[in-house]
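Here is a short briefing on charged side chains and annotated segments. Have the sequence and the model open as you read.

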Amino acid sequence: MTGTRKAVAALFLLPALVLLGALVVYPIGYSLVRSFYDNSGDGFAGADNYKTLFTDDGIRTALKNNIIWVVFAPTVSTALGLVFAVLTERVRWGTAFKLVVFMPMAISMLAAGIIFRLVYDQDPHKGVANAVWVGVHDTFAQSSAFPNAHPGRESPLVAQNGGFLTRATVHAGRPVALPLVGVAPDQLPGGAKKAVTARPEPGKVTGTTWQDFTRGKGVGRLGAPDPSELGYAGMRIEAVKDGKVVAATTAAGDGTFTLPASADGARLWLPAGNFKEPYNGVEWLGPALVTPAIIGAYVWMWAGFAMVLIAAGLAGVPRELLEAARVDGATEWQVFRKVTVPLLAPVLAVVTVTLMINVLKVFDLVYIIAPGSSQDDANVLALELYRKGFAEGRPGVASAIAVLLLVLVIPVMAFNIRRLRREVRR
């Protein structure tokens with residue numbers, strides 16, 4: 001009877017064992033054997049492919065990035081999940097919040113990669129991250145409205161120190177013309193009006209600064225405002241004598257400006273600040289920030305996973321222990337740090353280990369989000385395996401990378417198995 005029961009048990013296990021052998025054991029064994037052969041698969045290469053793991057720049061960069069991923073991505077995701085789980089437990093709309101945070105898990109890595117490729121776009125008009133960053137920056141440091149403005153033909157202005165200076169001195173009672181070109185009409189400030197010639201005022205220096213360009217061949221007068229030309233509203237004008245600014249003003253909507261008598265005999269200076277290039281934000285997908293940016297996308301997806309598991313563990317924490325700590329005078333921070341977190345340690349370990357195994361295999365996000373110019377800097381082992389095996393035609397090295405990934409995962413899995421066994425003994 002015992003032999004019959006064992007045979008029945010083996011019969012039921014057979015399909016699972018066949019699938020396990022076909023989908024796990026065979027690929028691992030084949031990769032291990034293939035890692036000792038050359039690119040053609042015919043010649044025995046010995047340990048050459050494994051030596052490449054430590055001499056190839058791309059693989060070394062990938063290994064370094066994988067270490068960064070393993071250290072930061074699971075830690076940040078678990079920490080955020082813990083914070084979300086604890087804070088949402090006390091609010092009525094906590095369930096709705098958890099649903100929103102967990103929702104990214106329903107999105108595939110491919111879709112998330114496309115979303116964050118757009119989020120991190122360098123153009124503030126397309127990328128949300130730079131739109132917010134530029135908005136905050138411009139709140140405290142307004143960008144110029146005239147970044148491309150420059151003197152045209154026969155201009156009274158000359159370039160100097162990033163700005164423009166009049167060739168000759170100006171005098172009270174004689175209107176000054178400061179024509180510029182180079183700003184598209186649709187990029188002029190919203191307060192720009194039709195430019196007009198400034199009227200002379202006794203004892204004051206007046207003038208006009210405007211866009212001295214009218215569309216159409218032979219249309220308009222050079223050096224004088226025409227009906228279709230707009231003033232440079234907000235342009236700053238300074239009067240300079242002996243290297244010192246003696247007076248300053250800004251142009252009105254029609255481009256006209258007025259300086260006091262102290263500007264008489266000075267030269268007018270349009271400071272470089274008028275022509276400062278607009279702030280274009282942070283290069284999120286550049287070589288320096290591409291890995292942290294992609295980790296941010298990963299955290300966005302997996303913080304919800306961590307939150308749900310930790311919230312389930314939190315539901316099983318005895319409330320009597322928390323209330324006893326509060327009765328004994330512990331603050332909420334002390335209750336969280338010395339009671340809640342230790343009681344949740346098994347759950348936190350499960351979440352962290354699961355995410356560590358997951359990030360060792362990360363491929364999709366890096367492949368999709370990182371542009372071609374930064375992909376080498378964002379490289380990870382799974383991506384390098386793909387590149388070596390398919391793009392570069394080096395399956396032997398690719399197999400060696402696969403074996404390296406297996407070796408890196410084994411300690412994490414062994415830790416998880418030991419922890420589970422301790423839990424069972426309890």
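Helices here are DSSP runs of H or I with at least four residues, and strands are runs of E with at least two. With that in hand, residues 99-120 come out as 68% helix and 0% strand. The model is predicted. The points below cover the annotated segments, the salt bridges and a charged surface patch.

**Annotated transmembrane regions**

- An unreviewed UniProt entry lists residues 7-28, 67-87, 99-120, 297-318, 339-360 and 397-417 under "transmembrane region".
- In the model, the end C-alpha atoms of residues 99-120 lie 25 Å apart.
- Residues 397-417 are 100% helix and 0% strand. The end C-alpha atoms of this stretch are 30 Å apart.

**Salt bridges: D56 and R394**

- The whole structure holds twelve salt bridges.
- One of them pairs the side chains of D56 and R394, at 4.0 Å from N to O.
- D56 sits in the loop between helix 2 (48-52) and helix 3 (57-88), and R394 in the loop between helix 12 (381-391) and helix 13, so the pair ties together parts that are 338 residues apart in sequence.
- D56 has 18% relative accessibility and counts as buried, because the cut-off is under 20%.
- R394 is partly exposed, with a relative accessible area of 23%.

- E392 and K388 form a salt bridge, with their closest N and O atoms 3.5 Å apart.
- E392 is partly exposed at 39% relative accessible area, whereas K388 is buried at 2% relative accessibility.
- Shared partners join D56, E384, K388, E392 and R394 into one network of salt bridges.

**Salt bridges: E238 and R236**

- The side chains of E238 and R236 also meet in a salt bridge, 2.9 Å from N to O.
- E238 counts as buried, at 11% relative accessibility.
- R236 is partly exposed, with a relative accessible area of 36%.

**Positive surface patch**

- R418, R421, R422 and R425 form a positive surface patch.
- R422 belongs to helix 13, which covers residues 395-425.
- R422 is partly exposed at 36%, so R422 clears the area cut-off.

Notes. Residues numbered from 1 in each chain as written. Predicted model: local features only at pLDDT ≥ 70, side-chain atom pairs only at ≥ 80, totals over all residues. Heavy atoms only, no water. Patch = residues over 30% accessible without salt bridge, like charges linked within 9 Å, V, L, I, M, F, W, Y side chains within 5 Å. Areas by Shrake-Rupley, 256 points an atom, 1.4 Å probe, with all protein chains shown as cover. Lys, Arg positive; Asp, Glu negative; His and termini not counted. Charge placed at Lys NZ, Arg CZ, Asp CG, Glu CD. Buried < 20%, exposed > 50% of the residue type's maximum accessible area, 1.4 Å probe, protein only. UniProt positions renumbered as here; feature names shortened; annotations may be inferred.
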